[in-house]
Amino acid sequence: MDYSQFLSMPQEIGLLGVFLLVFLYDTFLSKKAQNALPLFTCVAFGIFTIANVFLCDANCSIFGGMFVNTSATVAIKAILNIGMLIVLIQSVKWANSEYMTVRRGEFYELLLLTLFGMYFMISARHFLMFVIGLETASLPLAALIAFEKNRYESHEAAAKYLFTAIFSSALFMMGLSFVYALAGSLYFSDIAAMVTGEQSTMLIIALAFVIAGVGFKLSLVPFHLWTADVYQGAPTPVTGYLSVISKGAAAFAFMVILTQVFGSLYTVAWKWMLYALIVLTITLGNLFAIRQRNMKRFLAFSSISQAGYIMLAIIGANYAASLSALMYYVLVYIVANMCVFAIISVVEQNNNGKTEI
């Protein structure tokens with residue numbers, strides 16, 4: 001194996017470096033110095049975010065084509081970094097609270113680990129690599145959702161998220177098993193070549209399982225029922241992260257899968273079904289948001305509706321137009337939504353943890 005290939009992963013190596021710095025700071029520095037850990041994390045990640053803009057190689061393919069870096073993947077990772085930096089800055093006061101004294105290091109380490117998994121999802125061009133990234137991004141989120149372990153709502157939210165993540169991953173893997181049986185490969189390019197020449201019933205069912213599995217991650221209707229309870233029970237910084245960063249990474253990965261892997265089959269068999277999912281997601285998300293009396297639940301249904309709007313980019317006229325529309329929408333959505341969560345966080349801290357309207 002040529003280990004020099006790892007040098008073609010500057011964003012992943014940089015993020016891993018930030019993770020190790022935070023881990024070493026949390027492990028070896030004195031308790032008195034621990035109070036500066038949130039600020040240290042923000043500064044380290046801020047430097048990493050700025051360096052990414054200038055130091056990343058935009059075009060490379062490594063590990064036999066399983067992992068690629070393109071201008072699009074570099075750009076979407078940079079957008080996610082901006083959102084992550086906003087989340088880190090907003091969480092400083094909460095991380096310095098008395099309750100978080102002994103666990104603030106774990107909070108930042110788990111948060112960085114989930115972003116690391118999302119990087120792999122975005123750059124994967126082999127479904128094995130994609131699943132590794134998907135699980136790396138999903139499992140630490142269950143721990144983050146349950147972080148306020150003295151609150152019953154946090155336990156309940158973590159359990160619902162974990163069971164939903166397991167079920168959605170099982171559906172996704174079931175679809176992949178059908179695809180592998182037909183194509184004999186898990187490379188995106190090999191599957192795309194097979195799809196062009198074959199449109200069997202098993203392949204259509206496989207795509208249905210794949211759409212369902214990713215639909216749970218994106219909170220598309222009818223796979224959205226876990227969202228409101230999880231958003232309400234999770235700590236507010238984690239809710240903000242779930243709402244924008246996680247959704248942005250999943251949307252980009254979904255677009256790549258639909259357009260570059262199942263493109264011809266999607267156009268023939270599932271295009272109008274996806275239209276129906278988008279209309280239902282936008283409509284039901286907005287209608288149920290009106291009925292909410294808790295701000296975090298309100299934003300949960302808002303994020304469901306926003307997932308429908310993000311999906312509109314995927315059904316655009318061509319890949320280039322869809323990609324630019326998706327990245328622009330995700331960038332604006334991250335900044336706007338995190339501003340709302342900043343307000344909710346301030347209200348929560350000054351209202352004994354209550355976010356009722």
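In the predicted model, the axes of helix α13 (residues 295-314) and helix α14 (residues 319-349) come within 10 Å and cross at roughly 175 degrees. Axes are lines fitted to C-alpha atoms, for helices over the stretch in contact, and angles run from 0 to 180 degrees between N-to-C directions. Helices α13 and α14 are therefore roughly antiparallel to each other, a term applied to angles over 145 degrees. Among the residues of α13 that make the contact (heavy atoms within 4.5 Å) are M295, L299, Y309 and I314, and those of α14 include L326, Y333, F341 and E348. The residues of this contact comprise 13 nonpolar, four polar and two charged. Here Ala, Val, Leu, Ile, Met, Phe, Trp, Tyr, Cys and Pro count as nonpolar, Asp, Glu, Lys and Arg as charged, and the others, Gly among them, as polar.

The model is a predicted one, in which local features need pLDDT of at least 70 and side-chain atom pairs count only at pLDDT 80 or more, while totals for chains, interfaces and linings use all residues. Residues are numbered from 1 along each chain as its sequence is written, and side-chain values use heavy atoms, with hydrogens and water left out.

The chain contains 14 helices and two strands; helices (H or I, at least four residues) and strands (E, at least two) are DSSP runs, numbered from the N terminus. For 357 residues, a compact globule would have a radius of gyration near 21 Å, and the 20 Å of the chain agrees with this. The radius is taken over C-alpha atoms, and the globule rule is 2.2 Å times the number of residues to the power 0.38. Along the principal axes, the C-alpha atoms fill a box of roughly 65 × 55 × 30 Å. Of the 357 residues, 54% count as buried, that is, under 20% relative accessible area with a 1.4 Å probe, protein chains only.

Several backbone features lie in loops. Most residues other than glycine have a negative phi, and most peptide bonds are trans. F63, in the loop between β1 (60-62) and β2 (67-69), has a positive phi of about 55 degrees although it is not a glycine. F63 is buried, with a relative accessible area of 18%. In the loop between α9 and α10, S219 has a positive phi near 65 degrees, and S219 is likewise buried, at a relative accessible area of 0%. P222 lies in the loop between α9 (201-218) and α10 (227-233), and the peptide bond from V221 to P222 is cis, with omega near 10 degrees.

Technical notes:
Buried means under 20% relative accessible area, exposed over 50%, partly exposed in between (1.4 Å probe, protein chains only). Angles under 35 degrees count as roughly parallel, over 145 as roughly antiparallel, 65 to 115 as roughly perpendicular and the rest as oblique.
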